[in-house]
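Let's take a walk through this model, one stop at a time. Keep the coordinates open and follow along.

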Amino acid sequence: MPRYRLTLEYDGGPYKGFQAQDDLPTVQGAVERAVLAFTGESVRLQAAGRTDTGVHATGQVVHVDLTREWPALTVRNALNAHLVDEAVVVLDAEVAPEDWHARFSATERRYLYRILNRPAPPALDRGRVWHVKSPLDAGAMHAAAQVLVGHHDFTTFRDLACQAKSPVKTLDVAEVSRRGEEVWLSFASRSFLHRQVRSMTGTLAEVGIGRWTAADVKAALEARDRRACGPVAPATGLVLTGVAYADGGAAK
C-alpha cells in the first residue's frame with residue numbers, strides 16, 4: 001500500500017482546527033473529502049501537528065496511505081482540483097517509505113508568530129496577525145526569549161487541556177525581530193505542548209510593552225505553574241511554517 005507525503009498550506013480561519021470533527025469544518029476533513037472524491041477511498045490522514053482553530057500553515061506535513069499507486073504529481077493536482085472551494089492547498093506530494101510517519105518521524109517543527117505593531121488595525125492581513133497598538137521593544141523581547149531556550153519544564157506555558165505525557169521539552173530556537181510595522185517571533189523544537197507558542201508569545205509581548213522583564217519571564221518559567229503565565233496570544237497570528245525530517249525534509 002503506497003504511502004504519500006503531502007505538504008499543505010492553509011488559512012485556519014474557516015476551520016475549527018486541523019483535527020477532523022463530526023459536523024464541523026476542519027482542515028483534515030477537507031483533505032480527506034478530497035481524497036475520497038479522487039480515489040473513492042475513505043482514509044484517515046496522519047499529521048505532523050494538530051493546529052488549533054484559527055492557526056494557519058505554510059508547511060504542514062501529512063501522510064496518507066492509498067490502495068492504488070499514483071504518480072505523486074497526479075495526487076497533488078487531483079487533490080487540489082477537489083480542494084478548489086477550500087482554504088487548503090497541497091503544495092507538494094511525494095511517495096514515502098512505508099515506515100515513514102508524518103508525526104513520529106519529525107525531528108523539528110517551526111512556528112512563526114506575526115504581531116502587527118501600529119495604531120491602525122489590519123485590513124489586508126485581518127485574521128493573520130495579532131494587532132498590538134502599544135509600541136513593542138523587539139530587542140527586549142528577544143533577550144527575554146533566550147530564557148526559554150533549552151531543556152525545561154514548560155508547565156507554565158502549557159494549556160490545562162494539554163494531553164502530552166510530560167511538560168518537559170527542549171526549545172531550540174526563540175527569536176524575536178522587527179520587520180517594519182511587524183514583530184516576528186520564530187520558535188523551533190522537536191515538539192511543542194498545547195498552546196505553548198501562543199503562551200510564550202503573549203508573555204513576551206508583556207516584555208515588549210514594558211510590563212514584564214526578562215527576570216519575570218525566568219521566574220514564570222521556574223514557577224512551573226500555569227497561573228504564572230502571561231496573557232495567551234490569539235490564534236490568528238500563528239503559522240506552522242515547516243517540519244523537518246531526518247530523510248532530508250527541511251523546516252522553513
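Asp-23 sits in the loop that runs between β1 (3-10) and α1 (27-39). Bear in mind that the model is a predicted one. Although Asp-23 is not a glycine, its phi is positive, at about 65°. Most residues other than glycine have a negative phi. Its side of the story on accessibility is simple: with 80% relative accessibility, Asp-23 counts as exposed.

Arg-224 also has a positive phi, here about 50°, and is not a glycine either. You'll find Arg-224 in the loop between α5 and β10. Its side chain meets that of Asp-153 in a salt bridge, 3.8 Å from N to O. That pair links distant parts of the chain, since Asp-153 belongs to strand β7 (residues 150-153) and the two partners are 71 residues apart.

Stay in that loop for Arg-226, which lies between α5 (214-223) and β10 (238-245). Asp-159, for its part, is linked with Asp-52, Arg-195 and Arg-198 in a network of salt bridges.

On to the other charged pairs. Side chains of opposite charge can pair when their charged atoms come close. The structure holds 15 salt bridges, and one of them joins Arg-114 and Asp-125 at 2.9 Å, N to O. Arg-114 lies in strand β5 and Asp-125 in the loop between β5 and β6 (130-131), so this pair ties together parts that are 11 residues apart in sequence. Arg-114 counts as buried at 16% relative accessibility, while Asp-125 is partly exposed at 27%.

Lys-218 and Glu-222 form another salt bridge, at 2.5 Å from N to O. They are 4 residues apart in helix α5, so about one helical turn separates them. Both are partly exposed: Lys-218 has a relative accessible area of 40% and Glu-222 one of 45%.

Last stop, the largest pocket, with a volume of about 1,400 Å³. Its lining takes in 43 residues, and Gly-49, Arg-50, Arg-103, Phe-192 and His-194 lie nearest the centre. β2 (46-47), β5 (106-116), β8 (168-179) and α4 (196-209) each supply at least two residues of that lining. By type, the lining divides into 16 nonpolar, 16 polar and 11 charged residues.

Key
Residues are numbered from 1 along each chain as its sequence is written. This is a predicted model: local features need pLDDT of at least 70, side-chain atom pairs count only at pLDDT 80 or more; totals for chains, interfaces and linings use all residues. Side-chain values use heavy atoms; hydrogens and water are left out. On a 1 Å grid over the protein atoms alone, a cavity is a set of points where a 1.4 Å probe fits but cannot get out, and a pocket is an open set with protein on both sides within 12 Å along at least five of seven lines; lining residues have an atom within 4 Å of a point. Grid points are joined across faces, edges and corners, and a volume is the space filled by probe spheres set on the points. Ala, Val, Leu, Ile, Met, Phe, Trp, Tyr, Cys and Pro count as nonpolar, Asp, Glu, Lys and Arg as charged, and the others, Gly among them, as polar. Buried means under 20% relative accessible area, exposed over 50%, partly exposed in between (1.4 Å probe, protein chains only). A salt bridge is a side-chain nitrogen of Lys or Arg within 4 Å of a carboxyl oxygen of Asp or Glu.
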